[in-house]
Amino acid sequence: MPKVPCILHPLLLVLFFVFTTFLFASSQVFSPATENAAFFKALSTKYEDHYKDELSSLPKENKKDFEEVYKLRWENVKEVFDKKEIYTSAQAQQYLNALVAEIVKANPLLQNQNFNCYFSRSGVPNAGYIGEGIILFNMGLFKRLDNESQAAFILCHEISHFYLQHSEKSIRRYVAAINSQEMQTELRKIKNAEYGKRQQVDDLLKGLTFNIRRHGRDHESEADSMAIEFLHNTRYDVSEALTTLALLDSIDIDTLHIGGCLQKMFDAKDYPFQKRWLAKEEGLLGGHAQLKKDEPLADSLKTHPDCKLRIKFLEPMVSRYCSSTSSKNVVNNSKMIELKNIFSYEIAEFAYTSENYTKSLYYTLELSQGKTADPYLVAQVGKIFNSFYAAQKIHKLGKLIDLPSPYYPGNYNLLLQFVQNLYLENFASISYHFLKQYYPLLDYYPPFTSAYNTSKKISQQ
């Protein structure tokens, strides 16, 4: 039988190429992890029961004061669950559990301790023991680390806070202070004063807060020392404790050139960037005044103060414990790299779903550098500007954004000033003309299509 020529082959090849390209592109696009509502409810119930057990075992003396402080701590913990801050990805939790297991199995002191570590979706570069046996490792910090040993030191530090009961000691110290004879005498004096009672109480509490904070710094040093003791028993590289502290010392430095970034991204052919969008308002309420140059104050305002002193204090211990058999990465370095990339996206998503649109925009712009036409990031910028528009239209934008402040980094302040300078029509037009550059290239991505259609509609109103 003679062969019949197949004239569909070229067309089929083209269709196959388009289809496979679409599948590949779709598979590479970031997709936020699904929130596990049942997981949050179970955790909240579990830790609330733990909190109630704590209340029943508080000292009888000054019990009311203890209950008030423990209630405040529990409300902070509960807010973590209510805001769905904990990352519920099973693979991420398994990886974190593996890091912690390396620490626990090497330290008999920890093997019967009741604590749990979770990734927080916060972009703040920090970690913390928040009470009730809960340690949070913020994505904003994890994504900045270089290796697993650095992550292990941070975990050891927070586990040390838990193990040494620093939170509970601070609470006992606070309750003792407010019930001391000296404090009660001062309060009686204020009560009998004729004028300025409010100011005198504020000053008294500021002094108490300062003393508690100073003792908190002592706790940091103690936790560092204990962390080294825990870390050197493991296979992790103990010298990475020092590189971690050096990283923390500079982690607040703002490297994104936001002015150039904004001009480059939002200078559309049919809607050019306007210089007034970046103009700083001057006067009493404008210009987000700068803090006076004060090195001790500047250090105290850092997310991680005293790092240089902490490094100097730990150097002898680290030198004594350094081992040639240790490793920077023990569990799975490839998984760490993968999670760092995912977390960069997750913090932008979490800021948006938490309704802090300016933080989400900053994280999105930061991640967009070098990622031309990333579908998620392009759509996210459009979503944020569309949300700016919707909130401004009903006069609620001020509740969903940060305002310029001398306590924010300069580049973030410039972004906040940019948002302050835009009118309602600017939000709509910037969104539409920005997204229009990527249409129809990204039309296969539903969030992009939705943002584009919304921006097109509102810009024509």
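Predicted model: local features only at pLDDT ≥ 70, side-chain atom pairs only at ≥ 80, totals over all residues.

Colleague: Thanks! Where is Gln-165 placed?

Modeller: Gln-165 is not a glycine, yet it has a positive phi of about 55°. With a relative accessible area of 41%, Gln-165 is partly exposed. Its place is the loop between helix 6 and helix 7 (166–178).

Colleague: Stepping back, how many helices and strands are there in the protein chain?

Modeller: The protein chain has 461 residues, and buried residues make up 46% of them. Of the contacts with a separation of 6 or more, 75% are between residues 24 or more positions apart. As for the elements, the count is 19 helices and three strands.

Colleague: What is the order of the strands in the open sheet?

Modeller: The edge strands are strand 1 (116–120) and strand 2 (127–131), each pairing on one side only. Strand 1 pairs with strand 3 (residues 134–138) in the parallel sense, over five bridges. The pairing in the sheet of three strands is mixed, and the order is 1-3-2.

Colleague: And which residue in strand 3 is the bridge partner of Phe-119?

Modeller: Strand 1 and strand 3 pair in the parallel sense. Within strand 3, the bridge partner of Phe-119 is Phe-137.

Colleague: Which helix packs on the sheet, touching strand 1 and strand 3?

Modeller: The direction of this helix makes about 135° with that of strand 1. The helix covers residues 37–56 and is helix 2.

Colleague: Now for helix pairs: are helix 4 and helix 6 roughly parallel or roughly perpendicular to each other?

Modeller: Two packed helices are described by the angle between their axes and the distance between the axes. Helix 4 (residues 90–105) and helix 6 (residues 148–163) have axes 10 Å apart and pack at an angle of about 70°. Angles of 65 to 115 degrees count as roughly perpendicular. Helix 4 and helix 6 are therefore roughly perpendicular.

Colleague: Which residues in helix 6 does helix 4 meet?

Modeller: By class, the contact of helix 4 with helix 6 has ten nonpolar, no polar and one charged residues. From helix 4 come Tyr-95, Leu-96, Leu-99, Val-100 and Ile-103. Their counterparts in helix 6 are Glu-148, Ala-151, Ala-152, Leu-155, Cys-156 and Ile-159.

Colleague: Why does Glu-148 count as buried?

Modeller: Glu-148 is found in helix 6. Leaving out residues up to four places away in sequence, Glu-148 touches residues including Tyr-95, Tyr-236, Lys-328 and Asn-333. The C-alpha atoms of Glu-148 and Asn-333 are 7.0 Å apart, although 185 residues separate the two in sequence. Buried means under 20% relative accessible area, and Glu-148 is buried because its value is 0%.

Colleague: Which residues is Val-69 in contact with, leaving aside its neighbours within four places in sequence?

Modeller: Val-69 is found in helix 3 (residues 63–82) and counts as buried at 17% relative accessibility. The C-alpha atoms of Val-69 and Ile-171 are separated by 7.1 Å, with the two residues 102 apart along the chain. The contacts of Val-69 are Ile-171, Tyr-174 and Val-175.

Colleague: Is helix 16 roughly parallel or roughly antiparallel to helix 18?

Modeller: The axes of helix 16 (residues 375–393) and helix 18 (residues 424–436) come within 9 Å and cross at roughly 160°. An angle over 145 degrees counts as roughly antiparallel. That makes helix 16, relative to helix 18, roughly antiparallel.

Colleague: What is the handedness of the crossing of helix 16 and helix 18?

Modeller: Phe-385 and Tyr-389 of helix 16 are among the residues making the contact, as are Phe-427 and Phe-434 of helix 18. The residues of this contact divide into eleven nonpolar, four polar and one charged. The crossing is left-handed.

Colleague: Last one: which residue does a cis peptide bond join to Tyr-439?

Modeller: The residue in question lies in the loop between helix 18 and helix 19 (446–459). Omega is about 5° for this bond, and the partner of Tyr-439 is Pro-440.

Terms used. Residues numbered from 1 in each chain as written. Heavy atoms only, no water. Axes fitted to C-alpha atoms, helices over the stretch in contact; angles between N-to-C directions. Helix = DSSP H or I, 4+ residues; strand = E, 2+ residues; numbered from the N terminus. Parallel < 35°, antiparallel > 145°, perpendicular 65-115°, else oblique. Left-handed = near helix turned anticlockwise from the far one by under 90°. Contact = heavy atoms within 4.5 Å. Nonpolar A, V, L, I, M, F, W, Y, C, P; charged D, E, K, R; others polar. Pairing = 2+ DSSP bridges. Buried < 20%, exposed > 50% of the residue type's maximum accessible area, 1.4 Å probe, protein only.
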